Amino acid sequence: MSTASPDRGLLRRRVRAACVLSLLGLAASALAAPSCTTEAPPPATETETLRPGDLCTPPAPDRVRVRFEPAQVFLAPCADGAACPTRKVEVIVDPDICAKTPVRFDSSNAGAVPSPAEASLGLYHASVTVDVKAGATPGSATLTARVPRGDGTDAEASLNVEVIAPSEADVACADAMGTNSTAALKGGDTLLGDGPRAGASIGLPPGADKPNQGSYLWSVAPFEASIKCGTAAPPEGYAALGPAITFGPLGKSFQRDVPLSIPLNPARMPDKARLRHLGVAYTDPAFPTPRIVSVSDARIEKVEGKWALTFKAPRLGTYQAVVREDAGTKTFKRRITHRAVMGVSMGGGGTAMFGSRHHDLFDVLAPLGGPVDWTWLLHNIETHHLGGFRSIAPGTQLGDIKLTSTACATAAECEPDETCLGVLEGGAIPGKCVLMTPPTSPYEHPQTFNQWWAEFPREGNGGNFSRTDYIQIFRDLAVMFGNPNGENLTPGGENLPAGVHPDDKSQTGDHANGECKNWVDPLDGPDKETQEEIANNCPKERCAHTLTLTNYFDDEYNPDGTFPVITVCDGSPQDQARTPYANWWSSGGNDYPLELALAVDYNGNGVRDELEPIIRAGHEPWQDVGTDGVPSAMEPGYAPGVNEDPAGDDYDPQFNPAGTERDHRYQKGEPFQDVGLDGVAGTKQQPAGGWTKPGDGYDVGEGDGKFTMASGLQRFYDRDAHSIVRRMTADVPAGELDDEKLKRVDLWTDGGTRDLFNFGVDAQHLVGSFAARGRGVTYFSDFTQQPGLDPSKPIEFFPARVSYEDLPGIVLQRYGKLDPTAKDIDNGSGQHVGTANELIARLQSALYFIGSRWPEPELRSLVLDSSDDPVDGVPDCEVLGGCAIEFTSKDGRKGPVGISLPPGYAHKSQQDRRYPVIYLLHGYGQEPQDLIAATVLLKTWMNSPGEGMESRLPKAILVYVDGRCRLGPSGKPECIRGTFFGESPMENGAKGESWWLELMEYIDTNYRTMGETEIDWTE
């Protein structure tokens, strides 16, 4: 083990740098948490007994702030003989005040809301809970809290209180009362309801109807919109807060969210209910049974003078505001482990996978912009990344097969099911007619094997990922999980398609000792020169040896087995002009082995040509029609436009997440063809030891009486967070995620609207798996849409001001402008990492959400820096708060680890303090130190003098885990760039999960980590 010894003034310089940036107005929203002042604070006066190591300096009067959470409440008036309705609110003061200080309240309308009794705040009680009681008179009131600043003035906060008498009219609405409609709702328009529909609205943001162009693919053409009364009833266990409202055309869906509002009387909410308990019920012909659906940006606001729930959703139909009848009353004992895991990109996938497999170890999983849902992502890769080719029928001859795409200037020159892509200079340079499966989820972008997505040069942050990068990722995934696209039974060939021997020259090249089978992307070190030589030469060596296989069957592209099948090399250089499909296949420069798939070589020239297809052989053919085995159109009661899903099993991650029809997974009861992975009946089966000689078969699983999938695909599914949450796998080290275990693990995930890997879409499918199990879920389309913040001020993102009591336990935060300007696109808004401000807001959002689950006040006090009085003999890195070690597991795997220690960790007087641990996972091709640089402000957020104890980020130990491919214990490469923090089935593959589990034991043994506890938690 080695420790880093940086300059002891580094942390202080970083804090000062943050303040300088803030004062200059740079990255204002990202750096909002630190408090910077040009005035010297007044002298410290200890007016309250401090814990050892704590610090409190009376704040300058103009710095004292006070706020209510929430900032608005609704009450029904007192009724004769009944207890007056009451809402609990928090009054919070910032920054720390050192003495016990009174809080006085005044009401602008005592008949509606009497003033609460005086309370007090102090250093260790920076918030006070206040009962706001209704009076007998309906009306509006402003409740003002006043906290003395110490100079004769008060800091003030206002709470808007609405006292509204419930009535039957709140939920009444009848079809006979008319319809509001418009012939063409276009960008910038809003259609309003009237009469009993007052408060209802549907609109399109300005520019939402602009034509699709480049990476903007969610245009909404003007349409005939309508608003009328609905007839749906609330789901069982829910009470209506307002009428059911039907938005038409009924069941119309979009590739984006559209703004909607529905009227409600929020005073009908139960006394203990919060915004997180408010639900939106939905029905339409596809989903005729009322159900609670997740929506984006839900807020209670006035629409044309009427209280309404405003939100965004991608589908029209009947919506109704409802609330659980027992909202806020169900409390349980929640086990808190004081651990969380958070990762970005590849690390996001590792967070979801490892965190769900070991759900007993963590309180919160925060996977950010990564492969978090393998069920959807593998389907997407199969359909899009490996797709774009027409199947052929038995008996097809070479002369009947097109080998090159049709050039086009417009879609009129293509087949009806094709898209014209890549037209340049107004048609002077033609594009290609492309067979591309349309997107099925909001903000999803489609692609094909010959046109992989990459925006260039507007790459934003996070890299542009060339075709070679894509292939490296696919290869690493196959090494870490096994090949999901085929079955190779040859030992050592788990990552290869059937028929490819791991010792064939297409895999080994001309290098000795099998060095070209796999290699580590060069890392600094004594053997870097050797690594570079291998990485530079092996791809070309392997591509010089094409393996040709005959009698190879495939139901889609080679049903007779008459055409040869070959190993594939790719890696075409990016065509920048074709953005956002800059990873445009070309016939030249393909000298990098694809490895996980074979191509059908129709013309037999030994090279994959443009329209020669990639074989997809990960599973037997099946009909994804649900567990009833019947497609919706054949289910009894099916009626177009009336009841399009009689069985209620059509999957949709937002509107029917428990559905099994078209959910991309085989379910027992769905019809399948027991013909093996090649999809063709009567073909030879692969020998148990794998293919070795001509005449051996390639197929697996035919006639075995069960649905067969590649072992690599099964391994992905067994480690898939979606599978674990939906209880589709028994391979979970922590045990089945039953209902009791499920409710103690929370999730914060995100994704960009223009993420090149569609990770924002992928995240939606993961949160849908939680919704299918009954967990409350909400979406946000921007950071300032979080409760407690002002969405009209998008640059003012203050995570410390978010009302976390109003958030459910499962959150999807989208980022990226929904209607981006050219500047937004150039800046990378919504891309893989996002703009600089988006990146920091992503990190802050997840960290503060994690912190909201750890209630201990001692984690939030302002403390003396370790350097003020460090423990004798403590390593310099602990004084400075950042250590670097090389951790070696029992099997000899070595990897770097970064450890950030909270402020005060090494201070003499703070040695009795223990801390939670957050494990942070880096992205593909990165190392732990790369993520440390992105979280440099963490210590400032944990010890900001400008915040109070209710607003500060809790202090925690942060551990940066290694996921980079390295030379393993055997001296052989684990993989190329990224382990995905998994456990490889291959002999020399990375055992990342085992290594990480041992690292966790090391951290708990060598650092002052906080143990488990149990707290009361209200659902």
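This is a predicted model: local features need pLDDT of at least 70, side-chain atom pairs count only at pLDDT 80 or more; totals for chains, interfaces and linings use all residues.
Across the protein chain the mean pLDDT comes out at 92, with 95% of residues at 70 or more. The stretch to treat separately is residues 1–46, where pLDDT stays under 50. For that stretch the model has 78 contacts beyond four places in sequence.

## The second largest pocket

Rolling a probe the size of a water molecule over the atoms shows where empty space is left. Here, the second largest pocket has a volume of about 860 Å³. Its lining counts 32 residues, and the ones closest to the centre are N212, Q213, G214, Y216 and L217.

Two elements, β25 (418–421) and α11 (822–826), each supply at least two lining residues. Of the elements, β25 gives the most, with three residues.

## Helix α16

Helix α16 runs over residues 992–1006, so to speak a 15-residue piece, and spans 21 Å from its first C-alpha to its last, close to the 21 Å expected at 1.5 Å a residue. An α-helix has 3.6 residues a turn, so residues three or four places apart point the same way. The buried residues of α16 are G992, E993, W995, W996, E998, L999, M1000, Y1002 and I1003.

What do these buried residues of α16 pack against? Their partners are one helix segment, α2 (346–357), along with the strands β22 (339–344), β35 (882–888), β36 (894–900), β37 (917–921) and β38 (957–961).

Most residues other than glycine have a negative phi, and most peptide bonds are trans. D297 has a positive phi of about 60° without being a glycine. It sits in strand β18 (residues 296–303) and counts as buried, because its relative accessibility is 2%, under the 20% cut-off. R662 also has a positive phi, near 60°, but R662 lies in the loop between β31 (592–600) and α7 (711–718) and is partly exposed at 45% relative accessibility.

As for cis peptide bonds, one joins E69 and P70, with omega about -5°; P70 is in the loop between β1 (65–69) and β2 (72–75). Another joins D94 and P95, with omega about -15°, and P95 falls in the loop between β3 (86–94) and β4 (101–107).

P857 belongs to the loop between α12 (836–852) and α13 (876–880), and is partly exposed, with a relative accessible area of 44%. Along the chain P857 and H125 are 732 residues apart, yet their C-alpha atoms are separated by 8.7 Å.

Technical notes: Residues are numbered from 1 along each chain as its sequence is written. Side-chain values use heavy atoms; hydrogens and water are left out. On a 1 Å grid over the protein atoms alone, a cavity is a set of points where a 1.4 Å probe fits but cannot get out, and a pocket is an open set with protein on both sides within 12 Å along at least five of seven lines; lining residues have an atom within 4 Å of a point. Grid points are joined across faces, edges and corners, and a volume is the space filled by probe spheres set on the points. Helices (H or I, at least four residues) and strands (E, at least two) are DSSP runs, numbered from the N terminus. pLDDT is the predictor's confidence in each residue, from 0 to 100. Contact means heavy atoms within 4.5 Å. The expected span of a helix is 1.5 Å times one less than its number of residues. Buried means under 20% relative accessible area, exposed over 50%, partly exposed in between (1.4 Å probe, protein chains only).
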